[in-house]
Amino acid sequence: MAKAIVIYETVYGYTETMANAIVKGLKDAGVDVILKKAIATNAEELKDFDAVVLGCPTYHHDMVTTIKTLLFKMKDAGLKGKVGAAFGAYGFSGEAVDMIHDTMKHIFEMDMIEPGLKMKGTEIATGEEVCEDFGRKIAERILK
Ligand SMILES: Cc1cc2nc3c(=O)[nH]c(=O)nc-3n(C[C@H](O)[C@H](O)[C@H](O)COP(=O)(O)O)c2cc1C
């Protein structure tokens, strides 16, 4: 069975809501999914998955420290060619998603879902279907 891991960080829960809906979309499409916070994730375990999905909100025009630290550890995790995707909640600028997406694409040479999924906190309450669709899109790429 195809396997995906969704790793996220959140402060107020918005990116977590996105993560849960993305997991639902992946599962509905027949993918076996693990959901983890960044702090609990070991970069070495990522090689066992067909897709690695990273979620991070934007604070102070940046990603949060736990995700930044994980990205450094992911450099030698053997991710080249694996399916990747980035998502996250934002308020007005949303740089974290693009930064993570670009690192996964250009440094790790992953097969990225374009574009990453950014949603304003105010959109998320009614926008879980958009996240589920993103999960299904990731699943289609793994399963094709
Ligand atoms: C102190 C602070 C700084 C923030 N800085 C940014 C920012 O630079 N750019 C942006 O798009 N949103 C910014 N936001 C908004 C958050 O990204 C937004 O509230 C998001 O939904 C939080 O997601 P989370 O609940 O997953 O942590 C900031 C929010 C706070 C409280």
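Strands, as the term is used here, are DSSP runs of E with at least two residues, numbered from the N terminus. By that definition, Gly55 belongs to strand 3, which covers residues 51-55. The model is a predicted one.

- A residue counts as buried if 20 or more other C-beta atoms lie within 10 Å of its own. Gly55 is buried because 29 other C-beta atoms lie within 10 Å.
- Leaving out residues up to four places away in sequence, Gly55 touches Val6, Tyr8, Thr15, Met18, Ala19, Phe87 and Gly88.
- Lys118 is 63 residues from Gly55 along the chain, and their C-alpha atoms are separated by 9.5 Å.

**Gly84 in strand 4**
- Gly84 lies in strand 4, and it is buried, with 25 other C-beta atoms within 10 Å.
- Not counting residues up to four places away in sequence, the residues that Gly84 touches are Ala51, Val52, Met104, Met110, Asp111 and Met112.
- Between Gly84 and Glu109 there are 9.4 Å in space, C-alpha to C-alpha, although the two are 25 residues apart in sequence.

**The largest nonpolar core**
- In soluble globular proteins, nonpolar side chains tend to be buried together.
- Here the largest nonpolar core has 48 residues, and those with the most contacts inside it are Ala4, Val6, Met18, Ile22, Val53, Ile100 and Ile138.
- At least two residues of this core come from each of several elements, including strand 1 (3-8), helix 2 (65-74), helix 3 (95-107) and strand 6 (117-120).
- Helix 1 gives the most to this core, with seven residues.
- Apart from neighbours within four places in sequence, Ala4 is in contact with Leu26, Val31, Val33, Phe49, Asp50, Ala51, Val53, Ile138 and Ile142.

**Helix 5**
- With 16 residues, helix 5 reaches 22 Å from its first C-alpha to its last, close to the 22 Å expected at 1.5 Å a residue.
- Its buried residues are Cys131, Glu132, Phe134, Gly135, Ile138 and Ala139.
- Seen down the axis of helix 5, these buried residues fall within an arc of 155 degrees, so they line one face of the helix.
- Strand 1, helix 1, strand 3, strand 4 and strand 6 are among the elements that cover the buried residues of helix 5.

**Around the ligand**
- The ligand has 18 residues around it, of which Tyr12, Thr15, Pro57, Gly91 and Gly121 come nearest.
- Helix 1 (14-28) and strand 4 (83-90) are the elements that give two or more residues to this shell.
- The shell consists of eight nonpolar residues, 10 polar ones and no charged ones.

Terms used
Residues numbered from 1 in each chain as written. Predicted model: local features only at pLDDT ≥ 70, side-chain atom pairs only at ≥ 80, totals over all residues. Near = placed C-beta within 6 Å. Helix = DSSP H or I, 4+ residues; strand = E, 2+ residues; numbered from the N terminus. Nonpolar A, V, L, I, M, F, W, Y, C, P; charged D, E, K, R; others polar. Buried ≥ 20, exposed ≤ 12 C-beta atoms within 10 Å, placed from the backbone. Contact = placed C-beta atoms within 7 Å. Core = buried A, V, L, I, M, F, W, Y, C linked by C-beta atoms within 7 Å. Expected span 1.5 Å × (residues − 1). Arc of directions from axis to C-beta.
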